[in-house]
Structure formats: structure tokens, C-alpha cells
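Good morning, and thank you for the time. I would like to take you through one model, beginning with a single loop residue and ending with the chain as a whole.

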Amino acid sequence: MTDVYNPLDKINLGKSVAEALLDCPARPLGSIEPFEGAGIYVLYYDGPHAAYAPIAAANASAARWPIYIGKAIPSGGRKGASLAASARGSALYKRLADHRDSIREVELGSGSLAVADFQVRHLAVDDIWIPLGESLLIAQFRPVWNIALDGFGNHDPGKGRYGGLRPLWDHLHPGRPWADRCAAREETLDEVRSRIADFLVAHPFDDGEGAES
């Protein structure tokens, strides 16, 4: 028996959210201004860091291959859903601003990244669809900073918790002051770069995915 397509199936609804995000224009991360809402977002890189050369090449003419995908859900989110996108607070803007500031700290520290080399797509979404939309996008694109190089989205663990290992992301891209207080890692930078290279070879960009700016 052939399955019947159900447009209201939660997976299909989640795909519609993901597609709506990819239809949004890509904007420079450094130019974002405060806005209302919670939701999902995609970051793109097109800078000179050698470890991300395949990603930068794919994004040279248009933002197509994400380096990171994330979500922002407001604290104390609603228990139910509505038909309109959530406009409470500015959780999504604050999350993007945190990322911008993290990259700026690296830029001022080690200089291995620069805010000007990042673009972002973001979409305010009703709270109930945010996790599903993010999960589907990560499964589709398998962004290197979500999977192979963890730690970009981490926050300062706070006083008394710096005994844990420094995130792998900060090991390759030093500059965030709180990460410098964490325990040093044993991996060499060459090992980290090889890990990224192997991941990108195993999960190459598909020209059929993504959206044009």
C-alpha cells in the first residue's frame, strides 16, 4: 500500500519551517539589529581559514553551506501553540548577538576568525516548532560546528566550573576569556584540523541543498 502524503504530519510541518528559514535573505552577522521573537537560525562562513576552505568556496557567491545551525527558545516558553510566530522577548536576537560577540572576541584574540566573514539567516517561529525545525536542518546539512567541532554555542560555565576541558572550538579558535580559564586539551591543532578535514570529506556539500541569497 502506498503511503498517503499528509501535509499536517509534524515532520512535514517541520520541513515547511526549515524551508521558510532558507527562503529568508542572508545578512552579515555584524549588521544585525535588535528584533523581537524566538526561532531558528543558520550561520554561513566565507572567510580565509584553511580548515573551512570547502565551506568558504561553496559560499563564495551565495550563502549555501551552513557552518552552524541553532535555535533560541525563550525562557518560560508557552505550554501550547498558536497560529502566529512568537514575538515575546528577543531571544533570537540575543542568541545571534552572543555568537557575534564570541567571534569578535576570537577576532581580537587569536585573529583566527572575523565577524565580517559570517552571514546569517534567521526566522522567528512559534515555540512549538523551533526544536523540530532545528533538528531537521542539522540532519540535512550536518554543520561542522554542530557535529565535528563542538563548543561554539557554549556559555561561560561560571566560577568554580573551569576545571572542565576547554571546548574543542575554543582550542582551535582561542579568544573567549572564559574558555581560556578552562583546562587545556591534549589534541594538537593539526589533529583538530584533520578531524575537520575528514568530516568535510565524509559529508560534502550537496549543490541541491540550501538557498540562494
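Setting aside residues up to four places away in sequence, Asn154 touches Pro167, Arg176 and Trp178. Please bear in mind that the model before you is predicted. Asn154 is found in the loop between α5, residues 144-147, and α6. Trp169 stands 15 residues from Asn154 along the chain, and the two C-alpha atoms are separated by 9.5 Å.

I turn now to the sheet. Its 4 strands form an open arrangement in the order β1-β4-β2-β3, with antiparallel pairing. The edge strands are β1, residues 27-28, and β3, each of which pairs on one side only. Between β2 and β4, which run antiparallel, there are 7 bridges. As for individual residues, Tyr41 stands opposite His122 in β4.

Which strands does α3 touch as it packs on the sheet? They are β2, β3 and β4, and the direction of α3 makes about 25° with that of β2. Helix α4, residues 130-141, lies across β2 and β3 and runs at about 170° to β3.

Ser90 lies in the loop between β3 and α3. Why does Ser90 count as buried? Its relative accessible area is 17%, and buried means under 20%. Leaving out residues up to four places away in sequence, Ser90 touches Phe35, Glu36 and Gly37.

Finally, the chain as a whole. It contains 8 helices and 4 strands, and from the N terminus on the elements run α-β-β-α-β-α-β-α-α-α-α-α. Of its 213 residues, 47% are buried. Among contacts between residues at least 6 apart in sequence, 72% join residues at least 24 apart. The accessible surface comes to about 10800 Å², and 53% of that surface belongs to carbon and sulfur atoms.

Terms used: Residues numbered from 1 in each chain as written. Predicted model: local features only at pLDDT ≥ 70, side-chain atom pairs only at ≥ 80, totals over all residues. Heavy atoms only, no water. Helix = DSSP H or I, 4+ residues; strand = E, 2+ residues; numbered from the N terminus. Buried < 20%, exposed > 50% of the residue type's maximum accessible area, 1.4 Å probe, protein only. Contact = heavy atoms within 4.5 Å. Areas by Shrake-Rupley, 256 points an atom, 1.4 Å probe, with all protein chains shown as cover. Pairing = 2+ DSSP bridges. Axes fitted to C-alpha atoms, helices over the stretch in contact; angles between N-to-C directions.
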